Amino acid sequence: MTRFVFVTGGVVSSLGKGIASASLGAILEARGLKVSLVKLDPYINVDPGTMSPFQHGEVFVTHDGAETDLDLGHYERYVRYTATRNSNFTTGRIYEQVIAKERRGDYLGATVQVIPHITDEIKRCIQLGAGDVDVCMVEIGGTVGDIESLPFLEAIRQMGVELGRSNCAFIHLTLVPIVGGGEIKTKPTQHSVKELRGIGIQPDVLLCRSRDELPIEQRRKIALFTNVEERAVISAVDSDDIYKIPLLLHQEGLDDIIVAKFGLNAKPTDLAEWRAVIAAKQAPEATVNIAMVGKYVQIKDSYISLNEALTHAGLKTRTRVNVHYIESTDIESSGADCLAGMDAILVPGGFGHRGVEGKIQAVQYARENGIPYLGICLGMQVACIEYARNVLHLADANSTEFNPTSVDPIIALITEWQDRAGARLTRSAQSDLGGTMRLGSQEALIQADTLARRVYGRDAVSERHRHRFEFNNTYLDAMTAAGFKFSAFSKDGLVEIIELPSHRWFMAVQFHPEFTSTPRDGHPLFSGFVRAARDYRASQLPQAASA
């Protein structure tokens, strides 16, 4: 049967429950166990798809098209498993499903209550997301003591009783602050565990986040006051590299504790791949500076998968990648001179008109100065708009997302440019935005003799999408005649990849390749982009080639 490891957090939020869960999953996987991960989020939104990146950070898209919490990105980067829409449940989704059952009469007229109906639905969803694996890691968002988290905590308490404590482990992540003249304070951890025990959950393991390694004296004190074994009071020290954390937790014996508790027959831990990742990061052979021109750069979590994908490309090419975050609205007000000295330019995705003109200026700067360019989602769309404006001289070229009355809607909803009869262009003032949202993995067919084919080394790839607006195919011929290259299409003819054959390295994609990049495997598109940045740097500053 599947065993469950429940990960909770206390004292303060954002201590790293997601990375801790993923890291333990990676260690257990390295011992030959099959692992899955589930995230439970206490907010009432059904999913994070409509939440502001400034509040919630990145929306991670699963292969089956679910908009989910960014922690699922950590899960897929650390563990060789593929998350699904059943890997992330929110309070909103749980209540939505319970209310739907009540409306259908599934409860036979009973009064629907938090216990047992909500908690039963939570338990059902956990089992659904776990699948048929040896160990399922279940992360509960929020902090113990929050009113929003109580139904989830009650549900996992019940699972501990129903499945037996030999099949369920509870890990509690807390903060051990250092105050004053370096004094270590254990009281916050004691209070957090007291709160957890007050709702019926006794933790098996404490992960104690701290700046420095926790001395044995403090470990003993915490163990005494929390009723946790001393060896299970684990020092989770701050790390300069998140990919070291599986190694650090293994050194602390966390996997041995979990394997012993469950009585699993697991092989010795083999973390050779993770040691290779760390070794590659510590021994770069070159350095590149990449400008990321975005709309949410104040919050780095908004682009966390992109940041990690560039890091992974650096690992695969032995390159130190320095990312310079540039707010696109700053380019609008001050010009693109801030991009001078960059070895490559990346324009990521986004929604809404704010900052779009700055992104278009960044594309123009990259194109006219021969700087390697990579566009992701909106980054492809603004590349099309820029070329139409400045090469085809279609001054009003735009997306109907930003200008619904554009004379030349280079980017538009499908319903705005394609009708069933195949007419050249149809415009609808009232378009159903949701009807054209493309989500999840879809296949792109790559043309021969293109940069895309050389980068991927294949004639078809499956990548994840998250967008509504598409390139307007009625402009295909005009753009092609002007030197623009459409190098990949979906099976139904939608543009997936564009490039400029006359440029050193210029490519943009409609999908989000960052979602499938991992530290052990990387991603060919980002590796190719970083190599292009290295080549450009070498051509501009020969002495920097070995910097």
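The model is predicted, so local features need pLDDT of at least 70, side-chain atom pairs count only at pLDDT 80 or more, and totals for chains, interfaces and linings use all residues. Residues are numbered from 1 along each chain as its sequence is written, and side-chain values use heavy atoms, with hydrogens and water left out.

Seven strands form an open sheet. Their order is β5-β2-β6-β1-β7-β10-β11, and the pairing is parallel. Strands are DSSP runs of E with at least two residues, helices are runs of H or I with at least four, and both are numbered from the N terminus. Two strands pair if DSSP finds at least two bridges between them. Strands β5 (88-90) and β11 (233-237) stand at the edges. Each has a single partner strand, so one side of each is left without a neighbour in the sheet. Neighbouring strands are turned by 20 degrees against each other on average, direction ignored. Axes here are lines fitted to C-alpha atoms, for helices over the stretch in contact, and angles run from 0 to 180 degrees between N-to-C directions.

Within this sheet, strand β1 (residues 3-9) runs parallel to strand β6 (residues 135-140), joined by five bridges. Phe-6 has Val-138 in β6 as its bridge partner. Two helices pack on the sheet. Helix α8 (residues 216-226) touches β10 (205-210) and β11, and its direction makes about 130 degrees with that of β11. Helix α10 (residues 254-262) touches β1, β6, β7 (168-175), β10 and β11. The direction of α10 makes about 155 degrees with that of β7. Contact means heavy atoms within 4.5 Å.

Strand β23 (residues 506-509) is covered on both faces. In a regular strand the side chains alternate between the two faces of the sheet. Phe-506 and Ala-508 lie on one side of β23, Met-507 and Val-509 on the other, and all are buried. Buried means under 20% relative accessible area, exposed over 50%, and partly exposed in between (1.4 Å probe, protein chains only). Strand β15 (residues 373-376) pairs with β23 in the parallel sense over four bridges. There, Gly-375 is bridged to Ala-508. Strand β22 (residues 495-499) pairs with β23 in the antiparallel sense over three bridges. Glu-499 stands opposite Met-507. A hairpin of six residues joins β22 to β23.

Arg-77 lies in helix α3 (residues 71-78). Arg-77 is buried yet has no salt bridge, that is, a side-chain nitrogen of Lys or Arg within 4 Å of a carboxyl oxygen of Asp or Glu. The nearest side chain of opposite charge, Glu-308, is 5.0 Å away. Lys and Arg count as positive, Asp and Glu as negative; His and the chain ends are not counted.
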